[in-house]
Amino acid sequence: MLKKIFRGKTETYVENHGLMGNADDYHVYHMRLVDYLVGFALGFALGFVVMMVFFRIFTVSAIVGIICGIPAIRFYQKYRKEKRQRDLLIEFRDLLEALTTSYSSGKNTMEAFAESYQDLLSLYGEKSDIVNETRIIIAGMTNNIIIEDLLKDFADRCGLDDVESFATTFESGLRQGGDIKQVVWDSRKIINDKIEIEMEIKTMLTEKENELNIMMVMPIIIMIALSGIGSMSAVANTTFTVIVKIVAIGLFVAAYMMGRKIVNIRI
């Protein structure tokens with residue numbers, strides 16, 4: 001269960017497990033034990049290293065590391081959820097490509113999805129999300145659930161605008177007797193173009209991201225250098241230096257968060 005704030009009230013988010021109750025809700029990422037450990041370890045390591053470099057007090061550094069590790073679990077969960085959705089979009093593009101090939105060879109919808117399932121199975125493996133979703137769609141059609149409802153259900157659960165757009169276009173094409181092969185091809189081309197544009201943008205922003213990461217590492221390097229040359233006035237924990245260090249850390253964290261928002265461009 002997730003909780004959402006809506007107009008000052010807390011509401012419980014109920015997961016959508018699909019029309020047959022055996023599907024995943026991609027709006028939610030269920031953490032495994034290893035995910036909790038990785039998220040906590042990343043946050044702890046960051047907090048501990050920064051505090052040790054700046055203040056050189058093991059107990060305080062360990063406490064701050066624990067404090068940083070707890071919210072880091074939630075950030076790691078968000079990262080894993082978004083990564084899963086990004087991977088699903090790429091896999092969905094390959095599903096559309098396989099469907100286009102099947103429709104071009106004269107297959108009907110049921111046969112096209114069955115043939116595409118075999119292609120995806122060899123490409124991604126049995127445990128991949130898109131193979132599981134294709135299996136659910138085939139099982140749904142076998143149980144007399146119309147393909148439009150199955151695709152709409154998939155779109156609702158995955159949270160991807162491109163999948164929702166495809167489901168709507170596919171439904172309209174069936175109802176109006178349109179060329180389904182062309183609908184699938186056009187959707188695949190749009191998604192492919194979008195992915196390529198995002199990759200180009202990411203390539204262009206790689207240099208800026210590297211500069212941002214270097215900027216965040218520089219204070220640690222400077223403190224280590226000052227300690228190495230014996231500049232005790234800078235690393236000593238007097239009232240004044242402690243205040244300056246805390247303010248500096250806060251400024252760098254705020255600058256990093258702003259920088260991440262600037263370079264995090266999506267279409």
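Leaving aside neighbours within four places in sequence, with which residues is Arg188 in contact? In this predicted model, Arg188 has its place in helix α7, and beyond its sequence neighbours within four places it is in contact with Arg93, Leu96 and Glu97. At a relative accessibility of 16%, Arg188 counts as buried, because the limit for that class is under 20%.

The average pLDDT of the chain is 86, and 92% of the residues reach a score of at least 70. Among the elements of the chain, the highest mean pLDDT, 95, belongs to helix α4, which covers residues 129–142, whereas the lowest, 47, belongs to strand β1, which covers residues 2–6. Where pLDDT is low, the predicted coordinates should not be read in detail.

The secondary structure of the chain consists of nine helices and two strands, and along the sequence these elements follow the pattern β-β-α-α-α-α-α-α-α-α-α. The radius of gyration of the chain is 25 Å, well over the 18 Å that the globule rule gives for 267 residues, so the chain is more spread out than a compact globule. Taken along the principal axes, the box filled by the C-alpha atoms of the chain is roughly 80 × 40 × 40 Å. Of the 267 residues in the chain, 35% are buried, and the accessible surface comes to about 16,400 Å², with 63% of that surface belonging to carbon and sulfur atoms. Among the contacts in the chain with a separation of 6 or more, 63% are made by residues 24 or more positions apart.

Helix α2 runs over residues 58–104, and its 47 residues should span 69 Å at 1.5 Å a residue; the C-alpha atoms at its ends are 66 Å apart, which agrees with that expectation. At Pro71, α2 bends by about 30°. The residue Gly106, which follows α2, has a positive phi, near 95°.

Asp129 is found in helix α4 and is buried, because its relative accessible area of 16% falls under the 20% limit. When residues up to four places away in sequence are not counted, Asp129 touches Asp24, Tyr26, Arg84, Leu88 and Glu91. Leu160, by contrast in its setting, lies in the loop between α5 (147–158) and α6 (161–175), and with a relative accessible area of 11% Leu160 is likewise buried. Its contacts, leaving aside neighbours within four places in sequence, are with Gln85, Leu88, Leu89 and Ala155. Although Leu160 and Gln85 are 75 residues apart in sequence, their C-alpha atoms are 7.4 Å apart in space.

Thr203 and Tyr124 are 79 residues apart along the chain, and a distance of 26 Å separates their C-alpha atoms.

How values were computed: Residues numbered from 1 in each chain as written. Predicted model: local features only at pLDDT ≥ 70, side-chain atom pairs only at ≥ 80, totals over all residues. Heavy atoms only, no water. pLDDT = per-residue confidence, 0-100. Helix = DSSP H or I, 4+ residues; strand = E, 2+ residues; numbered from the N terminus. Expected span 1.5 Å × (residues − 1). Bend = angle between axes of the 7 residues up to and from the residue. Rg over C-alpha atoms; globule rule 2.2 N^0.38 Å. Buried < 20%, exposed > 50% of the residue type's maximum accessible area, 1.4 Å probe, protein only. Contact = heavy atoms within 4.5 Å. Areas by Shrake-Rupley, 256 points an atom, 1.4 Å probe, with all protein chains shown as cover.
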